[in-house]
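Please open the structure in your viewer and keep the selection tool at hand. The tour below goes from stop to stop, saying what to select and what is there.

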Amino acid sequence: MNKIVAKEHFSEKVVKLVVEAPLIARARKAGHFVIVRVGEKGERIPLTIASADVEAGTITLVVQAVGKSSAKLCALNPGDYITDVVGPLGKATHIERFGTVVCCGGGVGCAPLLPIVEAMKAAGNRVITVLAARTKELIILEEQMRKYSDEVIVMTDDGSYGQKGLVTQGVEEVIKREKVDLCVTIGPAVMMKFVSLLTQKYNIPTVASLNTIMVDGTGMCGACRITVGGKTRFVCIDGPEFDAHQVNFDELLMRLSSYKDVE
Amino acid sequence: MNKEELAAQRAEQWRENLRKSKKAKERTDIPRVKMTELDPAYRVTNREEVNRGLTPEQAVLEATRCLDCVEPLCMTGCPVGINIPKFIKNIERGDFLSAARTLKETSALPAVCGRVCPQERQCESKCFYLQKLKKEPIAIGYLERFAADYEQASGEVALPEMEPDNGIKIAVVGSGPCGLSFAGDMAKRGYRVTVFEALHEIGGVLKYGIPEFRLPNRIVDVEIDSLRRMGVEFVTDCIVGKTLSYDDLHEMGFKGILVASGAGLPRFMNIPGENLNGVMSSNEYLTRVNLMDAANPESDTPVYKGHRVAVIGGGNTAMDSVRTARRLGADRAMIVYRRSEAEMPARQEEVHHAKQEGVEFLTLHNPIEYIGDERGRVRQMKLQKMELGEPDASGRRSPVPVPGAIETIDVDEVIVSVGVSPNPLVPNAIDGLEVTPKGTIVVNADTLQSSIPDIYAGGDIVRGGATVILAMGDGRRAAAAMHEALQKQQGA
Ligand SMILES: Cc1cc2nc3c(=O)[nH]c(=O)nc-3n(C[C@H](O)[C@H](O)[C@H](O)COP(=O)(O)OP(=O)(O)OC[C@H]3O[C@@H](n4cnc5c(N)ncnc54)[C@H](O)[C@@H]3O)c2cc1C
Ligand SMILES: Cc1cc2nc3c(=O)[nH]c(=O)nc-3n(C[C@H](O)[C@H](O)[C@H](O)COP(=O)(O)OP(=O)(O)OC[C@H]3O[C@@H](n4cnc5c(N)ncnc54)[C@H](O)[C@@H]3O)c2cc1C
Ligand code: SF4
Ligand code: FES
C-alpha cells in the first residue's frame, strides 16, 4: 500500500501523482518504471517513474487516462492508497555525453521522456526536445521539459499551438539544421515507427522506449515480448529501451491491440 | 532418520499390536481406494477442486492395506524420506493428528505435497505392493492429503515449539515452497525471518501457477498463516536485486540470505508466428487466471477465452493450462506434445483427469508455425508429425520428424508450455554469485551454500524446473545448514 501525497492535473486526462515509495525512490534511475495495481481486482499496469525525491521518499508518476486501469489511478486523490507499487523495473537509460540529443515524445510518451531529458542534460548534452500532440490541450509537461532542454519544439496536428505538423517534421527540422548525435523517442508505436524511419535515413542512432502490454514486469510471463533485430526480447527486463532501427514496430502495433476485443 | 531409529519406532507396542491385528492376506485382499472426484461434465464448468479427499473410513481401510514393511521400500522413493509407514499406521489406528505430525517431522507442506507430488513416480512406485505383489500400490498421496487436511480442518494446527528469539535477522528471497519451508524452520529456531516477494501475493507457483481445481488457495493460506503466527514477516511487491540490493540487505542487518526465487522465465520455441496475438506462455495464461483472477468478470485483467485452444507441451504446466482452457469454455482443447504419452512428464493423474474432461491429445506432433489473420490473431497452427527415434541424453526416446507429414489445424489460442529457465534477476544483481551456464545458482550439494558465504539457495533457482517436494526439502536443508554455520560464527 503506497500513499498518494500530492496530485496535480496537467490536463483533463493527465495527472501527476506523487507517491510514497521510499525504497523505490532510492533505487531508481532514469528510464526505470514501476508496476501499479489499484484495488484488489485491479490490473497490473506499467508506469515510468518520472522523478524521485530520495529525501521525501517519494516517486512521481505522470498518468494519462486511456482505459479502465489508468482512469482508476487518475481518480485517486492525496491521502488515498495505491494497492501495489513495485519496482524499479527495467534497465536504466544509457546516459552519457553524446553531444546533441534530440528527445521526442508524443502523447503520453512525454511522461517517460522527462527523466531522460533531465539526465541527458545533467550529463552535459545539448538537449533539444520535440513535444507533439493532436492539439494544444494534450501537450503536457512543456514547462518541466524547458527546465532541462536547450530548446523545446512543440508540434500539434491541428496547429493550435507551436508549429502545425507531425513530430517527424519537428525532428527533421533539427536534423537539417545541426548535427544530431542521438535521438530518443517515446510515444505511440506509430509515431516511434516514423521517427525511426526518419533517423534511419539520416543514420542517427535512435533509442525507442517501448510500451508493450505487461503483467508481472519481471520476465515471468512474456506478455511484453517483441521482436528486436529478429530476436524475441522481453521489454520488461531487456528494455524498455531498444535500438529503434532494430525494432519491429508493426508487430508492436499489432500486439498492443491484443486485448482490444476482450476488455 | 537412520535405520535404528526407524526400527525402534516400528517396534513400538502399538505398531506391533496393529501388525498382529490382521493377517497379511486380509490386508492384501483389500482393493485400493478410489478417490471421489467431481463429475467431469460438472467440473469443467467451474474451478472447484476435482479430488474431494478420502472419508475417515476410506482412509482407515486404505491404511489397513499397508503391511508396515520391515524395510519400507516406499521411503526409498520419497525425495525427503518421510516416515511413511509410521504416518500410515497412525491413520490405521485412528490417530489422524499424530499422522499429520509424523508428516510434519519431515515435510513442511503435507497438504500441498499430498495433492501435487508425482507419487506414481516416487513413493508409490516403490511400494511393496507394486514391486513384489504386482498389485496397485498403497495410495500414499491420498493418505498424506487426508491426514494433513484433517489437521487443518480440526483447527488444531499446532504451532511447532519455538526456541526463544535470538535476535538474528534472516532474509528470504521468494515465497514459493522453498522459501516458505525455510522460513518456518528458521523461525522455529528463534531467528527473525523476513520473506521478500516480488509479486503481490505470497506462495510462488503454488498461487500463480497451480490452479484452484488442483490446489485450492486456502490450503496454501493456512500454511502462510501459521508462518505469520510464528512471527515470519512477509514483504510483498519487493524485488531483491531491484527494490533492495544485496548491500541494502546487509545494511538492514540481515545475517543470512536464502535465494528461493524459482525458475520463472518462460521458454518459447522461436518458430514463425509465435508473437501473434493469442499465442502466449503458460505462465502468462495461468498468472492471468490464477493470480489476477481474470476469468472473473469483476477483475480488471483480461484473458482470452479461446474456443479452439492448443497447449504445447506435456508437463504439469501444460495439463494445468489445457484444463483451465476447458473451464474457460474451450470446445476443443488440445495437448500438442512431440513425444508419446509414455514420455510425458506430467503427473499421471493430471493426464487422466484431462482426458476425462475431454482434452484431446495430439502426441507425436510438434508445432512448426502459427498462422494469423490480417489483424494479427492466431488462426491456425502447422504441426509436424513425429516418430520416436533413439533415446537421447535424458534417456527418453527422442522424437524425429516424419518427412512430409504436416497437418494444419484451426486454433484461436495457443499456450506455449515448453519449460522454464531460472529467473536471472537475483544472479544478475549480485556480483560474484556463481551460476551455471544454464543460469542456475551453484551451491554446495549438502549445505546449499552458494559461492558467497552468507547466501544460500534452493528450489527451482538451483535445480531448474523441479518439484514442490524437492523445493521444500531444499528449504529445510538450507535452514539446518545456515543455522549450523551461524552458530559456529556466534561461538567463534
Ligand atoms: C515501460 C512502460 C512505461 C509506461 N509509462 C507510462 C507512463 O509513464 N504514463 C502513462 O500514462 N502510461 C505509461 N505506459 C502505458 C500504460 O501502462 C498504459 O496506458 C496502461 O497500461 C493502459 O491501461 P488501461 O487499463 O488504462 O487501458 P486499456 O483499457 O488497457 O487500454 C485502453 C487503450 O489504450 C491502448 N493501450 C493499452 N496499453 C497501451 C500501452 N502500453 N501503450 C499504448 N497504448 C496502450 C489500448 O489499445 C486501448 O486502446 C507505460 C507503458 C510501459 C510498457
Ligand atoms: C503450472 C505449474 C504446475 C506445477 N505442478 C507441479 C506439480 O503438480 N507437482 C510438483 O511437484 N511440482 C509442480 N510444479 C513445479 C513446482 O511448482 C516448482 O518446482 C516449485 O514451486 C519451485 O519452488 P520454489 O520455491 O523454488 O520457487 P517458486 O514456487 O517458483 O517461487 C519463487 C518465488 O520467488 C519470487 N521471486 C523471484 N525473484 C524474486 C526476487 N528477485 N525478489 C523477490 N521475490 C522473487 C517469485 O515471484 C515466486 O513467487 C508446477 C509448476 C508450475 C508452473
Ligand atoms: S512399501 Fe507400501 S506396504 Fe510397505 S510400508 Fe511402504 S506403503 Fe506400506
Ligand atoms: S511483463 Fe511479464 S515478462 Fe515482461
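A residue is near a molecule or strand if one of its heavy atoms lies within 4 Å of it. With that in mind, select ligand 2 and the 35 residues around it, among which Val116(B), Glu197(B), Arg214(B), Val240(B) and Asp460(B) come nearest.

Before going further, note that this is a predicted model, in which local features need pLDDT of at least 70 and side-chain atom pairs count only at pLDDT 80 or more, while totals for chains, interfaces and linings use all residues. Residues are numbered from 1 along each chain as its sequence is written, chains are lettered from A and ligands numbered from 1 in the order in which they are written, and side-chain values use heavy atoms, with hydrogens and water left out.

**Ligand 2 in chain B**

Look next for polar contacts (a pair of N or O atoms within 3.5 Å; within protein, one must be able to donate a hydrogen and the other to accept it, and residues adjacent in sequence count only if both atoms are side-chain atoms). An N or O atom in the side chain of Arg214(B) is 2.8 Å from an oxygen atom of ligand 2, and a backbone N or O atom of Val240(B) lies 2.9 Å from a nitrogen atom of the ligand. Taken alone, ligand 2 exposes 1000 Å², of which the protein buries 95%; accessible areas come from the Shrake-Rupley method with a 1.4 Å probe, and for residues only the protein chains shown count as cover.

Now colour by helices (H or I, at least four residues) and strands (E, at least two), which are DSSP runs numbered from the N terminus. Which element gives the most to the shell around ligand 2? It is H18(B), with three residues.

**Ligand 1 in chain A**

Move to ligand 1, which 25 residues surround, the closest being Pro46(A), Val62(A), Gln64(A), Ser70(A) and Asn211(A). A backbone N or O atom of Asn211(A) lies 2.6 Å from a nitrogen atom of ligand 1, while an N or O atom in the side chain of Thr48(A) is 3.0 Å from a nitrogen atom of the ligand. Taken alone, ligand 1 exposes 880 Å², and the protein buries 82% of that. Strand S4 (44-53), strand S5 (58-64), helix H2 (68-74) and helix H3 (110-122) of chain A each supply at least two residues of this shell, and S4(A) gives the most, with four residues.

**A loop serine in chain B**

Select Ser417(B), in the loop between strand S13 (413-416) and strand S14 (420-421) of chain B. Is this residue buried or exposed? At 10% relative accessibility, Ser417(B) counts as buried (buried means under 20% relative accessible area, exposed over 50%, partly exposed in between, with a 1.4 Å probe and protein chains only). The side chain of Ser417(B) reaches the backbone nitrogen of Ala318(B) at 3.2 Å.

**Backbone stops**

Most residues other than glycine have a negative phi, and most peptide bonds are trans.

Asn270(B) sits in the loop between strand S5 (265-266) and strand S6 (279-281) of chain B, and at 61% relative accessibility it counts as exposed.
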